[in-house]
Amino acid sequence: MQINDLRSQLTGPVFVPGDPGYDEERATFNLNTPLTPAVVAAAASPGDVQLAVRFAAANGLAVAVRGGGHLQPRAGEGQLLLTLDRMTSVHVDAERAVARVTGSPRWQEVLAAAGPHGLAPMNGSSPTVGVVGYLLGGGVSPVLSRPHGYASDQITSIDVVTADGRLRTATPTDETDLFFALRGSRGNLGVVTAVEFRLLPVRTVYAGGLWFAGERVAEVLPAWRDFAATLPDAATTSVAVQRLPDLPDLPEPLRGAFVVHVRYSYVGPAGEGERLLAPMRALGATVLDTVAEVPYTGSAMIHHDPPLPLPYFDRSLGLRELPDAALAVLTGIAGPRSDCPLTSIEIRALGGALDRAPETPDAVPSRGLPFQLFALGIAGPDAAAPMHGHLAGVITGMTPWAHPRRMVNFVSPEEALTPGELRDVYGAELYDRIVAVKEKHDPDNLFRINHNIVRN
Ligand SMILES: Cc1cc2nc3c(=O)[nH]c(=O)nc-3n(C[C@H](O)[C@H](O)[C@H](O)COP(=O)(O)OP(=O)(O)OC[C@H]3O[C@@H](n4cnc5c(N)ncnc54)[C@H](O)[C@@H]3O)c2cc1C
C-alpha cells in the first residue's frame with residue numbers, strides 16, 4: 001500500500017514531512033524529544049488505527065504513538081507515527097463511578113468531566129499529561145495513590161490494536177495476558193484506543209505546597225523525611241529543591257526563586273490534615289504556604305508543574321532509604337553553595353497502598369519502593385552536555401542509596417534505551433514475563449519506538 005492508498009482509506013488525515021500540519025501533529029510536550037516520522041496517521045477511529053498498523057507492518061515501518069507527548073524516548077525517524085487526538089472522547093458514568101476514554105485525552109479533560117459528579121480520577125501531578133501514556137506506566141497520583149494504589153489498579157478494560165491489526169479488549173477475564181502486561185509496559189504491546197477505569201468519590205482535599213527559602217535546604221530535608229515517616233496512608237508528601245524559572249503561571253514570590261518545596265495532601269477532614277502537617281509548619285517562615293481545603297479538580301496547585309510545552313532533560317532513581325548521609329549529599333549537590341542549574345530535584349515518598357498487590361497481576365515493578373527521585377533541568381539542546389552532566393551527578397551521588405526498582409513513568413529518555421538497563425527497571429522475572437507476552441503479540445517488534453522490552 002502506498003501513502004496515497006493510506007490517505008484515501010483513513011478517515012483522519014495523513015501527513016508527510018513538508019505537509020502543512022505535519023509539525024503540529026508530531027509536536028511533543030518535551031521540546032527536546034522531537035518525533036521525526038516519515039508519515040503521521042492521525043486516526044479518527046479504531047478502524048483507522050487498525051488500517052495504519054497494517055500499513056506500517058506491510059511497509060516495514062515501526063509504529064510510534066504520541067499521546068500527551070511527555071515522554072518520547074526515541075524520535076521514530078523515518079517510521080510511522082499514530083496520533084489519536086481526533087478520536088478523543090471522555091465519558092463519565094456517574095452511577096457506576098467509571099470513566100471510559102477513547103483516543104488521547106489529557107487528565108484535565110477527565111477532571112473536568114468527573115469533577116461535577118464529585119468523582120476523582122487518579123491523575124498525576126500535571127493535568128496536561130496524557131491519560132493513556134500515564135496509565136500504561138502504572139501512574140502515581142500525588143493525592144490518591146497512597147490511599148488507593150497505582151492508577152492502573154483502577155483499570156477495568158483496555159481496547160488495544162495489536163501488531164496483527166486486530167482490535168482486542170483486555171479485561172481481568174479476557175485477553176488476560178495483555179491485561180497483565182499492558183498495565184506497566186507502556187506502548188510495547190499495541191496501540192491503546194480506549195480505557196475504562198474506576199473513579200473515586202473525592203470532592204475536596206486538604207492540599208497544597210509549603211515553599212521554604214532554598215538556603216534552608218539542610219534543615220528542611222531531614223525534617224521532611226521524619227515528617228513523611230509519620231503520615232497515614234491518607235496523606236501524601238514529596239519534597240523538591242527547586243530553582244524555578246521566571247514563568248508568569250507561577251505565583252509571584254516563586255518566579256525565579258530558589259526554594260525547597262514541600263508538597264502535601266490529605267484525603268479526609270481538613271482539620272486532621274492540618275494537624276498532621278503541623279510539624280512542617282512549625283519550621284517557621286515560608287516563602288509561600290498554599291495548603292488549604294481545595295477542590296480535587298484544582299489539585300494541580302500542589303506541584304505547580306509547567307502547563308505549556310518546554311525543553312527539558314530528566315533522570316530518575318528509586319531510593320531504598322534516606323539516611324542523613326544521603327540528604328547531606330543532596331544538599332551538597334543542590335544546596336545554596338552548589339552551582340546546580342537543575343530546575344527541580346524531587347523525592348516522592350511512596351508506600352501505603354502503592355505497596356499492595358493489585359486485584360489482578362500487572363507489570364508495574366515498583367511496589368515496595370519507598371522513595372522515587374526525579375530530577376529535571378529546563379534547557380534547550382545547546383545546554384545538553386552540561387545538563388546531562390549535572391543530572392548524572394545527582395544519580396551518581398544518590399546511587400549508594402538506590403533501590404533496584406524504579407517507577408516506570410519516570411524512566412527518562414536518557415535511561416533504559418538498552419534492554420539490559422530496562423531489565424533492571426523491572427527486575428528479571430517480571431521483565432521475562434512481559435517479554436513472553438510481547439513475543440506472542442508483537443513478534444516482529446512493530447512497537448519499538450518506546451522503552452523497548454525485548455529479549456536480551
Ligand atoms: C511535568 C510532569 C509531571 C509528571 N507527573 C507524574 C505523576 O505525578 N505521576 C506519574 O505516574 N507520572 C508522572 N509523569 C510521567 C508521565 O506519567 C509519563 O511521562 C507518561 O508516560 C506520559 O504520557 P503522555 O501520554 O503524556 O506521553 P507520550 O510521550 O505521548 O507517551 C508516553 C509513552 O506512552 C506510550 N503511549 C501513549 N499513548 C499510547 C497509546 N494510546 N497506546 C499505546 N502507547 C501509548 C507512548 O508511545 C510512549 O512510549 C509526569 C511527567 C511530567 C513531564
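This is a predicted model: local features need pLDDT of at least 70, side-chain atom pairs count only at pLDDT 80 or more; totals for chains, interfaces and linings use all residues.

Modeller: In total, the structure holds four cavities of 30 Å³ or more.

The lining of the second largest cavity is made up of 16 residues. Ser 141, Pro 142, Thr 236, Thr 237 and Ser 238 lie nearest the centre of this cavity. By class, seven of the lining residues are nonpolar, seven are polar and two are charged.

Now the strands. β11 (235-243) supplies at least two residues of this lining. So do β12 (258-266) and β16 (344-349).

Where does the second largest cavity lie? It lies between domain 2 (88-201) and domain 3 (204-410), because both domains give residues to its lining.

Next, the ligand. There are 31 residues around the ligand. Those that come nearest are Gly 67, Gly 68, Gly 69, Ser 125 and Val 140.

A backbone N or O atom of Gly 68 sits 2.8 Å from a ligand oxygen atom. In the side chain of Gln 72, an N or O atom is 3.0 Å from an oxygen atom of the ligand. For the side chain of Asn 409, the distance from an N or O atom to a ligand oxygen is 2.9 Å. The ligand exposes 950 Å² when taken alone, and the protein buries 97% of that.

Which elements give two or more residues to the shell around the ligand? They are β3 (63-66), α5 (131-136) and β9 (191-198). The largest share comes from α5, with four residues. Sorted by class, the shell around the ligand has 12 nonpolar, 15 polar and four charged residues.

Definitions and conventions
Residues are numbered from 1 along each chain as its sequence is written. Side-chain values use heavy atoms; hydrogens and water are left out. On a 1 Å grid over the protein atoms alone, a cavity is a set of points where a 1.4 Å probe fits but cannot get out, and a pocket is an open set with protein on both sides within 12 Å along at least five of seven lines; lining residues have an atom within 4 Å of a point. Grid points are joined across faces, edges and corners, and a volume is the space filled by probe spheres set on the points. Ala, Val, Leu, Ile, Met, Phe, Trp, Tyr, Cys and Pro count as nonpolar, Asp, Glu, Lys and Arg as charged, and the others, Gly among them, as polar. Domain bounds come from an automatic or database domain assignment. A residue is near a molecule or strand if one of its heavy atoms lies within 4 Å of it. A polar contact is a pair of N or O atoms within 3.5 Å; within protein, one must be able to donate a hydrogen and the other to accept it, and residues adjacent in sequence count only if both atoms are side-chain atoms. Accessible areas come from the Shrake-Rupley method with a 1.4 Å probe; for residues, only the protein chains shown count as cover.
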